[in-house]
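Please look over the sequence and the structure shown below. A short report on selected parts follows them.

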Amino acid sequence: MWRTRVAAACVICRSLANSSYGIKRKSPLQNLHLISRSIHHPYYPSSKFQRSPLRISVQLFSSLNRLPLRKTKLLDVKYGYQSHRNFWLARLASRLLKLRYLILGSAVGGGYTAKKTYDQWKDMMPDLDEYKWIVPDFIWELDEHLDFEKIIKALPDADDLAKLLPDFDKIGESFTSLKGFFSPGSPGETAFRATDQGYDNDKEYKKGLLGELILLQQQIQQHEEEARRAAGQYNMGPSQQKRKVSDKEKIDQLQEELLRTQLKYQRMLERLEKENKELRKLVLQRDDKGIHQRKLKKSLIDMYSEVLDILSDYDASYNTQDHLPRVVVVGDQSAGKTSVLEMIAQARIFPRGSGEMMTRSPVKVTLSEGPHHVALFKDSSREFDLTKEEDLAALRNEIEIRMRNSVKEGCTVSTETISLSVKGPGLQRMVLVDLPGVISTVTSGMAPDTKETIFSISKAYMQNPNAIILCIQDGSVDAERSIVTDLVSQMDPQGKRTIFVLTKVDLAEKNTASPSRIQQIIEGKLFPMKALGYFAVVTGKGNSSESIESIKEYEEEFFQNSKLLKTCMLKAHQVTTKNLSLAVSDCFWKMVRESVEQQADAFKATRFNLETEWKNNYPRLRELDRNELFEKAKNEILDEVISLTQVTPKHWEEILQKTLWERVSTHVIENIYLPAAQTMNSGTFNTTVDIKLKQWTDKQLPNKAVEVAWETLQEEFSRFMTEQKGKEHDDIFDKLKQAVKEETIKRHKWNERAEDSLRVIQHNALEDRSISDKQQWDAAIHFMEETLQSRLKDTESVIEDMVGPDWKKRWLYWIGRTKEQNIRNETRNELEKLIKCNEEHAAYLANDEVTTVRKNLEARGVTVDSCLIKDTWHQIYRRYFLKTALNHCNLCRRGFYYYQRHFVDSELECNDIVLFWRIQRMLAITANTLRQQLTNTEVRRLEKNVKEVLEDFAEDNEKKVKLLTGKRVQLAEDLKKVREIQEKLEAFIEALHQEK
C-alpha cells in the first residue's frame with residue numbers, strides 16, 4: 001500500500017515537472033523544503049538534497065529563510081496537481097515550535113527582571129504609613145459608595161486628555177533632586193549634577209538621585225581599596241625608606257580624592273534630608289482645618305514617652321522594675337553632655353554656666369518629629385517656640401527654676417525627673433535622659449554627699465539592662481582624668497549597649513601632640529571600656545551665644561579640613577553629631593523592639609497578682625484608687641455641709657442661747673448683779689445696772705456673741721463630719737475629713753459687720769424694762785432661780801474643797817481632813833458666826849473684823865493670815881447672798897401685780913427679777929439674730945470655704961497621699977498604675993507592629 005501511494009505521488013511529481021505555464025521558472029518541486037522532498041522520494045539519495053555552503057558575509061541568518069537546492073533531475077509531473085500547499089502548515093508549525101522556547105525563556109527572564117526592578121523601586125519609596133491619619137477615613141471607603149467603572153467610561157480619551165495636561169518636560173526641569181529620589185529615571189535635573197558640575201550632562205546622569213548615590217558609594221569603596229592597596233605597597237618590604245616620592249604623592253592624592261568623594265556624598269545626603277524635611281513639614285501642615293477637626297493620633301514616640309512618665313511615678317513594690325529602654329547621657333562635669341543633647345535636639349534649650357554645675361536633676365527629653373520646632377513640659381500646656389530667642393531664654397529659665405525647686409534644702413542635686421518634649425522637622429525619634437555630671441571632688445557650696453548622690457543616680461539609670469548608655473568624654477583633657485569611663489565599664493562591661501562620644505575634637509587636635517592618641521580613643525584601644533560604636537563630634541567654639549546652624553557649619557568645616565579624616569585616622573561615619581544622632585536612634589529603636597514585649601508580659605503578670613490579692617482581701621469593695629476615693633470623700637463632705645442648712649431654727653436658737661449664757665453668766669453675776677445688789681435702794685440698783693450693762697454691750701457682748709455663734713457652727717459642722725452613718729461609714733476618710741474641717745475653720749472668718757449690727761440690737765433689747773404679762777414674769781423668775789441655784793451649787797463645791805468633807809463623808813468613806821482644811825474649817829465657823837450676828841453685813845470685811853477673827857482663831861490655837869480669812873469670807877458670803885436671793889425669788893413670785901404699779905405702796909422690790917428678764921430677752925433676741933446670720937450667710941460661706949479647701953487638696957498630691965493611706969488605698973493605686981502601664985504598652989506595641 002505504501003509503495004503504491006509513493007508511486008502515485010511520483011507520477012504526480014513527473015507530471016508537474018513536465019507541465020508548463022508559459023513562463024520560464026523553476027519547478028514547483030524546487031520550492032519544497034528538504035524535508036518535504038525526502039518524504040516524497042525516500043529512495044532517492046539524500047546527498048542530492050544537501051544544502052550549499054553558507055556565506056555568512058553575504059546572507060543574514062534567519063530561521064525562516066528557504067535553503068537553496070542543488071540542481072537535480074526531476075520526473076515529469078502532470079499539469080494541475082498542487083498538493084504541496086498542504087505542507088506549508090507543517091513547515092510553519094515547526095518554526096513556531098522552535099520559537100516557543102525563545103519566547104518562553106524571554107518571558108520568564110523579563111518577568112524576573114521586572115519584578116526585581118519593581119521591588120527595588122518600592123524599597124526606595126519612603127514609608128508614609130505614619131501619615132495615613134492625615135487622609136480622612138471616608139477616603140478609604142469611597143470604593144464602597146462610588147462606581148469607578150462608570151466614572152472611567154465617562155472620562156475623555158487619552159488623546160483628548162493629553163491636550164489638557166501641562167508640559168511635564170518643562171516642569172521636570174524645575175524639580176529638585178528630591179524628585180529624582182521618588183521617581184528614578186525622571187528627565188529633570190538631578191541633585192548630583194547640582195553638586196558637581198564636572199560630570200557630563202548626557203542621558204546617563206538622568207537616572208535619579210538614588211543611582212548617583214549608589215555610584216558615589218561604589219567610587220568611595222573603590223578609592224578606599226586603592227588607598228589601602230597603595231598604602232600596603234608603600235609600607236611592605238624591607239626597603240620601605242627607598243620608595244619613590246611619587247608613590248607617597250599617589251597615596252596622598254588617593255586619600256584626598258576619597259575625602260572629596262565622601263564629603264560630596266555627605267553634602268548630597270544633607271541636601272536630600274533637608275528637602276525631605278521640608279516636604280514632610282508641608283505634608284504635616286497640609287489641610288490644617290481637617291487635621292484640627294479630627295482627633296490627632298499620637299505619635300509612636302509620644303506613646304512610649306507617656307509609658308516612661310507613668311513608670312517614673314510608679315513604686316515597684318511587686319518586683320516589677322522599669323526595664324524599658326531609654327538613652328542615658330552620662331559624662332564628667334563640663335564634658336559637653338548638654339551640648340551634645342542640644343545638637344541632637346537642634347536647639348539651645350538647657351541653661352549653661354561657666355564651670356559650675358548646671359544639671360542638678362535628671363532631665364528626660366523626648367524627641368519626635370513635627371511640623372514646628374517647639375518644646376513643652378509634661379505638666380504644662382505652654383509651647384515654647386524654639387525658633388524664637390525669647391522663647392528659648394524663657395525655656396532655659398523655666399528648666400533652671402524647676403531644677404532648683406526640685407532640690408531639697410541641704411542638697412545639691414535631686415532625683416526628681418523633669419520631663420520635656422521637643423518636636424521639630426527632621427528630629428530623630430528617641431528618649432534621652434540627661435544626668436548630672438560626675439564629679440571627683442566636692443567643692444564649697446555643695447552638700448557633703450553630692451558625689452555619692454550623683455553616682456547613685458547614674459547607677460540607678462545605667463543598671464537598667466535595656467538602657468543605652470551615651471558616654472560623653474571630653475577630648476580636650478587627658479583621658480586618664482576621666483571618671484565616667486570606669487563607672488560605665490562597671491555597669492556594662494561587655495559594651496553591648498554603650499556608645500562612646502568624644503567631644504571637643506577640635507581642641508584635642510590642636511592641643512594633642514600625637515594625633516594617633518585620638519585614633520586610639522575612637523578605636524577603643526585606649527580605655528578598657530568597650531562600646532558598640534565610637535564617635536567624634538565638635539559642639540562649637542565654646543561661646544554660649546552660638547546658634548545651632550553656626551555650630552553645624554563649624555563642625556562640618558573642621559572635619560572637612562581635619563587631618564584626622566585626611567589621614568584616615570577617623571572614618572566619615574564616625575564624625576558629626578548628625579551621624580551620632582542616627583546611630584543612637586537606630587540602637588534605641590532596636591532595643592525597644594527587642595525588649596518591650598517582655599516588659600509588657602511582666603506587667604501583665606503583676607496585674608494578675610494584684611487583682612488576685614484584691615479579690616481575696618476586699619471581695620465586696622470596688623477598686624477605687626486615691627483620686628477616686630478623694631472624689632467620693634469630697635461628695636460626702638459637701639453633703640454634710642449642705643446638711644447644716646437642714647438644721648431647724650429652734651435648734652440653732654436653743655444652742656446659741658444656752659452657749660451664750662454659759663459664756664457671759666459669770667460676768668453678769670460677778671460684775672453686774674452682785675455689785676448692784678449691794679446698793680441700799682432700788683434707784684441706785686437700777687442706775688448701777690444700766691451703767692454696767694451699757695459698758696458691757698459696747699465692749700464685750702457683741703464680740704462674745706459672735707464667738708459663740710462661730711463655735712456653735714464649728715461644733716455642728718464637726719458633728720456632721722465625724723458622725724458615723726452605720727454600716728456605710730468608711731473610716732478611711734476620717735483623716736481627710738478632719739483635715740478639711742481644721743483647714744476650713746482656719747480659713748473661715750465671720751462677717752466683720754455682724755458685730756456692729758448686733759451691738760445695736762443688744763443695746764435696744766437691754767434698754768427695755770417692760771414685762772408685758774405674768775408668763776414672762778414667771779419665766780424671768782425661773783431663769784433667775786436656775787442661775788442662782790447653779791451658782792450656789794458651784795459655791796458649795798468650792799467651800800467643800802476648802803474645808804474638806806463633812807462628818808458624814810468622813811464616817812462613811814473614812815476620809816479625813818488635811819491640816820489646811822482644818823484651818824479653813826475653823827475659819828469658816830468663825831465667819832459664819834459673824835454673818836449670823838449681822839445679816840445685813842456688807843460683801844467685804846473691814847480690817848478690824850479681820851483682826852478680830854484672827855485673834856479668836858489664835859485663841860483656839862489656830863494660826864491664820866489675813867488673806868486666808870478674806871478668801872474664805874468671799875465664798876461664805878457668796879453662799880449666804882445666793883441663798884438670800886433665792887428666798888427673795890420666792891417672795892417675788894407674787895410681785896407682778898406690784899411691778900405693774902411700779903411697786904408703789906409696797907415694801908417688796910423685785911428689781912433683780914427685771915434685770916434677769918432683760919438679760920433673758922437680750923439672749924433670745926441675740927440668738928435669733930445669730931441664727932439668721934448663720935443660715936443666711938455663714939453656712940454658705942463655710943460651704944464655699946470647704947470647696948476651696950477640697951480643690952486645694954485635690955491639686956496637692958502629697959496631701960492626698962498623707963490623708964488617704966492604708967493597704968487598701970495602696971493596693972488600688974498599684975493596680976490602677978499597672979493596668980494603665982499595661983494598656984499603654986499594648987497600644988504602643990500594636991502601633992510599633994503597624995509601623996513595621
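## Overall picture

This is a predicted model. The protein has 996 residues, and 41% of them count as buried. Its secondary structure consists of 37 helices and 9 strands. Among contacts between residues at least 6 apart in sequence, 78% join residues at least 24 apart.

## Confidence

The mean pLDDT of the protein is 76, and 69% of the residues reach 70 or more. Here pLDDT is the predictor's confidence in each residue, on a scale from 0 to 100.

Over residues 174–210 the pLDDT stays under 50, and the model has 65 contacts beyond four places in sequence for this stretch. Residues 287–296 also have a pLDDT below 50, with 10 contacts in the model beyond near neighbours in sequence.

## Helix α26 and its contact with α28

Helix α26 covers residues 701–722, and helix α28 covers residues 753–767. The two pack at an angle of about 115°, and their axes are 9 Å apart. The crossing of α26 past α28 is right-handed. On the α26 side, the contact is made by L701, P702, N703, A705 and V706. These meet E755, L758, R759, Q762 and L766 of α28. By type, the residues of this contact divide into 6 nonpolar, 2 polar and 2 charged.

Helix α26 also contains E716. Is E716 buried or exposed? E716 has a relative accessible area of 6%, so it counts as buried. Apart from neighbours within four places in sequence, E716 is in contact with L644, H651, W652 and I655.

## The disulfide and other cysteines

How many disulfides does the structure hold? The structure holds 1 disulfide. It is formed by C892 and C910, whose sulfur atoms are 2.2 Å apart. The torsion about the S-S bond of C892 and C910 is about -100°, so this disulfide is left-handed. C892 belongs to helix α33 (residues 866–892), while C910 sits in the loop between α34 (896–900) and α35 (911–955). The pair therefore ties together parts that are 18 residues apart in sequence. Both C892 and C910 are buried.

The cut-off for a disulfide is a pair of cysteine sulfur atoms within 2.5 Å. C889 has a relative accessible area of 0%, so it is buried. C587, in contrast, counts as partly exposed because its relative accessibility is 23%.

T744 is located in helix α27, which spans residues 734–747. T744 counts as buried because its relative accessibility is 0%. Which residues does T744 touch, not counting residues up to four places away in sequence? T744 touches L942, N945, V946 and V949.

V864 is found in the loop between α32 (847–859) and α33. With a relative accessible area of 9%, V864 is buried; the cut-off for buried is under 20%. Not counting residues up to four places away in sequence, V864 touches I823, T827, R854, L857 and I869. V864 and V853 are 11 residues apart along the chain, and their C-alpha atoms are separated by 9.3 Å.

## Two residues with positive phi

Most residues other than glycine have a negative phi. Two exceptions are described here. S334 is not a glycine, yet its phi is positive, at about 65°. S334 lies in the loop between strand β1 (327–331) and helix α14 (337–345). Its relative accessible area is 43%, so S334 is partly exposed.

W814 is not a glycine either, and it has a positive phi of about 55°. Where does W814 lie? W814 is in the loop between α30 (807–813) and α31 (819–837). W814 counts as exposed because its relative accessibility is 78%, and the cut-off for exposed is over 50%.

Conventions. Residues numbered from 1 in each chain as written. Predicted model: local features only at pLDDT ≥ 70, side-chain atom pairs only at ≥ 80, totals over all residues. Heavy atoms only, no water. Helix = DSSP H or I, 4+ residues; strand = E, 2+ residues; numbered from the N terminus. Buried < 20%, exposed > 50% of the residue type's maximum accessible area, 1.4 Å probe, protein only. Contact = heavy atoms within 4.5 Å. Axes fitted to C-alpha atoms, helices over the stretch in contact; angles between N-to-C directions. Left-handed = near helix turned anticlockwise from the far one by under 90°. Nonpolar A, V, L, I, M, F, W, Y, C, P; charged D, E, K, R; others polar.
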